[in-house]
Amino acid sequence: MSNRIKIILSIAGLALAVLAQFNTVDKAGLQHTEEGLNRALVTYGISRGLNGVISVVQGTEVAIEPVGVGMTFTPGQILDPVNDLIERFSTVVLVSGTAFGIQRVFLEITSAPLFSITVSLLVILALGLAWFGGKVSPQVKQAVFKAAIVFLIVRFSIPVMAIVGESFYKYFLEPQFQESSQQLLSTTEQLQDIQADVESDADISGSKAGEEKSFLDSARELYRSATNSLNLDQHLEDFKAAAENISEHAIKLIVVFVFQTIIVPLGSLWLILKAIKFVVMRRSPAQSIVVQK
């Protein structure tokens, strides 16, 4: 292998060895990881708040008395399937937040001074053997060269993976995340307003309970019952609309977190493992430098 290629690889190796001692890439990766973790925590709070509101709404009863027959309805029960979806959505967000936390730990490990110094020393040793290791056995040279490349891959792959994941989010997923998060917050407020209306109807329905009723009171009760029947239909429509809105945007947010914390990292990890396997199992042209005497 020509000295020209040796020089090019030596320059690249020394540049990476020096870069390993600085935290420029690590800071960017850590910042992106923190942003993802905060996003997951905020979304988890939204999901738990929505879950709590739905649970309260489900238990609210509305009483009506058509033609004098008392009947009690719980229109909020229509949200029961959605409540199950929100619970699963909360689990997905919690797992995503955990994934960001694990990524942060790996970032701290690979950017630690001891690990960075080890990487730089291995690179310098490999380059030294490439230039001046004529008396060293080819097996030792290959082992050192492979170790240097593997440590370089591990050193820079985690922060690069964090940067790639956040860049993917910024370009493709952020609008969907912002819209769906805002929609879930708005729907939570709408459910609270509907809950207040339902409770108001329930209070009116029971305001005359246990009292003697005149003909006028009976007429008023009949009117209230008819009004409550109409309100019940409206509440059911409102709850159906809320359920559809929650389902749509919860699923969209699930897609966002699955892509950023599962699909993209798994794809990156697959590439990293492939690269390591290529280095360990095969002899690249660069490796032939270190076995050349």
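Reader: Why does Leu-269 count as partly exposed?

Author: In this predicted model, Leu-269 has a relative accessibility of 40%. The place of Leu-269 is in helix H6.

Reader: What makes Leu-269 part of a nonpolar surface patch?

Author: The patch of about 660 Å² is made by Leu-269 together with Ile-251, Val-255, Phe-259, Ile-262, Ile-263, Leu-266 and Leu-273.

Reader: Why does Gly-13 count as buried?

Author: Gly-13 has a relative accessibility of 9%, and buried means under 20%, so Gly-13 belongs to the buried class. Gly-13 is found in helix H1, which covers residues 3-19, and its C-alpha atom is separated by 6.3 Å from that of Val-123, a residue 110 positions away along the chain. In the protein as a whole, buried residues make up 39% of the 293 residues.

Reader: What makes the contact of Asp-26 and Arg-155 a salt bridge?

Author: A salt bridge asks for a side-chain nitrogen of Lys or Arg within 4 Å of a carboxyl oxygen of Asp or Glu. For Asp-26 and Arg-155 the distance from N to O is 2.8 Å, so the pair meets the rule. Asp-26 lies in helix H2 (residues 24-58) and Arg-155 in helix H5, so this is a link between distant parts of the chain, 129 residues apart. Both Asp-26 and Arg-155 are buried. By the rule for salt bridges, the count for the protein comes to six.

Reader: Why can such side chains pair at all?

Author: Side chains of opposite charge can pair when their charged atoms come close.

Reader: How do you know that Glu-34, Arg-104 and Glu-108 form one network?

Author: Two salt bridges have to be set side by side here. The side chains of Glu-34 and Arg-104 meet at 2.7 Å, N to O, and because Glu-34 lies in helix H2 and Arg-104 in helix H3, that pair ties together parts that are 70 residues apart in sequence. The side chains of Arg-104 and Glu-108 meet at 3.5 Å, N to O, which is also within the 4 Å of the rule. Arg-104 and Glu-108 both lie in helix H3, four residues apart, or about one turn of the helix. Salt bridges that share partners join Glu-34, Arg-104 and Glu-108 into one network.

Reader: Why are Arg-104 and Glu-108 called partly exposed?

Author: The relative accessible area of Arg-104 is 31% and that of Glu-108 is 43%. Partly exposed lies between the buried class, under 20%, and the exposed class, over 50%, so both residues are partly exposed.

Reader: Which elements give two or more residues to the lining of the largest pocket?

Author: About 510 Å³ of space lies in the largest pocket. Of the 25 residues that line this pocket, the closest to its centre are Gln-103, Phe-106, Ile-158, Met-161 and Pro-265. The elements that give two or more residues to the lining are helix H3 (80-110), helix H5 (138-205) and helix H6 (215-281). The largest share, ten residues, comes from H6. By class, the lining has 17 nonpolar, seven polar and one charged residues.

Key: Residues are numbered from 1 along each chain as its sequence is written. This is a predicted model: local features need pLDDT of at least 70, side-chain atom pairs count only at pLDDT 80 or more; totals for chains, interfaces and linings use all residues. Side-chain values use heavy atoms; hydrogens and water are left out. On a 1 Å grid over the protein atoms alone, a cavity is a set of points where a 1.4 Å probe fits but cannot get out, and a pocket is an open set with protein on both sides within 12 Å along at least five of seven lines; lining residues have an atom within 4 Å of a point. Grid points are joined across faces, edges and corners, and a volume is the space filled by probe spheres set on the points. Ala, Val, Leu, Ile, Met, Phe, Trp, Tyr, Cys and Pro count as nonpolar, Asp, Glu, Lys and Arg as charged, and the others, Gly among them, as polar. Patches are made of residues with over 30% relative accessible area and no salt bridge: like charges are joined within 9 Å, nonpolar side chains (Val, Leu, Ile, Met, Phe, Trp, Tyr) within 5 Å. Accessible areas come from the Shrake-Rupley method with a 1.4 Å probe; for residues, only the protein chains shown count as cover. Buried means under 20% relative accessible area, exposed over 50%, partly exposed in between (1.4 Å probe, protein chains only).
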